[in-house]
Amino acid sequence: MEPLSDPLSDVLSLLKPENLMSAGLDAGGDWSIRFPLQERAIKCGAVVTGRCWLMVDGQPEPLLLEPGDGFLLPGGRAFRMASDPAVPPVDVAGIFRPARAGGVVTYNGGGGCLVVSSRFLVAGEHAGILLRMLPPVLHIRAGADGGAMRWSVERMMLELRDGQPGGVLTIRHLAHMMLIQALRQHLNGGAAGGGVGWLFALADKRMAAAIGALHGDPAHRWTLQELAGRVGMSRSTFALRFKETVGASPMEYLTRWRMLLAGDRLAGTAEPVSGIALSLGYDSESAFSAAFKRVMGCSPRLYGRRGAGASAAALGAPGD
């Protein structure tokens, strides 16, 4: 049986997004709240009832969020949420202090707009794989394919309000579901429109199949001809299309993926370098070490001592 792989799950597993906080905001009247820059963080949220405006630093136009709409801020940029863009903002610092352990904060009397959101910290230098391959803000519009997202949001609101036993773990899982659903809906909504990187490539079924094959068996001695045959394309057409969508050649992508897998194991296990090299398709430790240093910026042994703090190149980013 051929190995099966889900590239989005693979990459998120390496990134290890940790849910730092989930909370609800019930705002009323005229209101505007300023949220600061949060480096190495992903913010994910959705409007349950009412409507509000979202303004992200560096983006020229505010976004109107309607009931059922979601948003994803992959790069942790500062942003503002408001009943009207013209309302002067107040800082969030004092508003959400009561919700540090989770819950729903009522602001300005509540009753106008109910928003639920989660904040994630992404582990290690692998964060660049995801964060640099996404636009500063994703607007996930409510629609027929948003049922799972809506369910996650509504379920989270119940957990935040009720405080049932096991609620902390349930909220953490629901937050991860919101993150995955936001990325799925971004892909289903045509994420490939001009973007370059592994995530955009997943919107192309044939490129997604090729990436899935590489992820499914990274130790295999893949060739362009074999990959092209898997997706029903000529060798030259496949090579060009992969480079255009991913930003790297198939073999460059494979090497980077192998090194990211190796880095995760070096940082988190006591496996010997020789064993990791063999399991990823390298006949010699020296060949593996040379490839690792070229991609990750240091030797495997140094990376293992430094952990995930070693410098990692962004997967699929051209110019390395």
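How many aromatic pairs does the count come to? The count comes to seven aromatic pairs, where rings of Phe, Tyr and Trp (its six-membered ring) pair if their centres lie within 6.5 Å. The model is predicted, so local features need pLDDT of at least 70 and side-chain atom pairs count only at pLDDT 80 or more, while totals for chains, interfaces and linings use all residues. Residues are numbered from 1 along each chain as its sequence is written, and side-chain values use heavy atoms, with hydrogens and water left out.

**View 1. The aromatic pair of Phe71 and Phe79.** The two rings of Phe71 and Phe79 are 6.4 Å apart, centre to centre, with 55° between the planes, a tilted pair. Planes under 30 degrees apart count as stacked, over 60 as edge-to-face and the rest as tilted. Phe71 has 0% relative accessibility and counts as buried; Phe79, at 2%, also counts as buried. Buried means under 20% relative accessible area, exposed over 50% and partly exposed in between (1.4 Å probe, protein chains only).

**View 2. The aromatic pair of Phe288 and Phe292.** This pair is tilted as well, at 5.9 Å centre to centre and 45° between the planes. Phe288 and Phe292 are about one helical turn apart because they lie four residues from each other in helix α11 (residues 285–296). Helices (H or I, at least four residues) and strands (E, at least two) are DSSP runs, numbered from the N terminus. Both Phe288 and Phe292 are buried.

**View 3. Helix α4 (residues 167–188)**. The 22 residues of α4 reach 31 Å from first C-alpha to last, close to the 32 Å expected at 1.5 Å a residue; the expected span is 1.5 Å times one less than the number of residues. Buried residues of α4 include Ile171, Leu174, Met178, Gln181 and His186.

**View 4. Asn108 in a loop**. Asn108 is found between β9 (104–107) and β10 (113–121). Its phi is near 55°, a positive value in a residue other than glycine. Asn108 is partly exposed, with a relative accessible area of 44%.

**View 5. Helices α1 (residues 7–15) and α6 (residues 205–216)**. The axes, lines fitted to C-alpha atoms over the stretch in contact, come within 9 Å and cross at roughly 50°. Angles run from 0 to 180 degrees between N-to-C directions. The helices α1 and α6 are therefore oblique to each other; angles under 35 degrees count as roughly parallel, over 145 as roughly antiparallel, 65 to 115 as roughly perpendicular and the rest as oblique. Pro7, Asp10 and Val11 in α1 meet Ala208, Ile211, Gly212 and His215 in α6, contact meaning heavy atoms within 4.5 Å.
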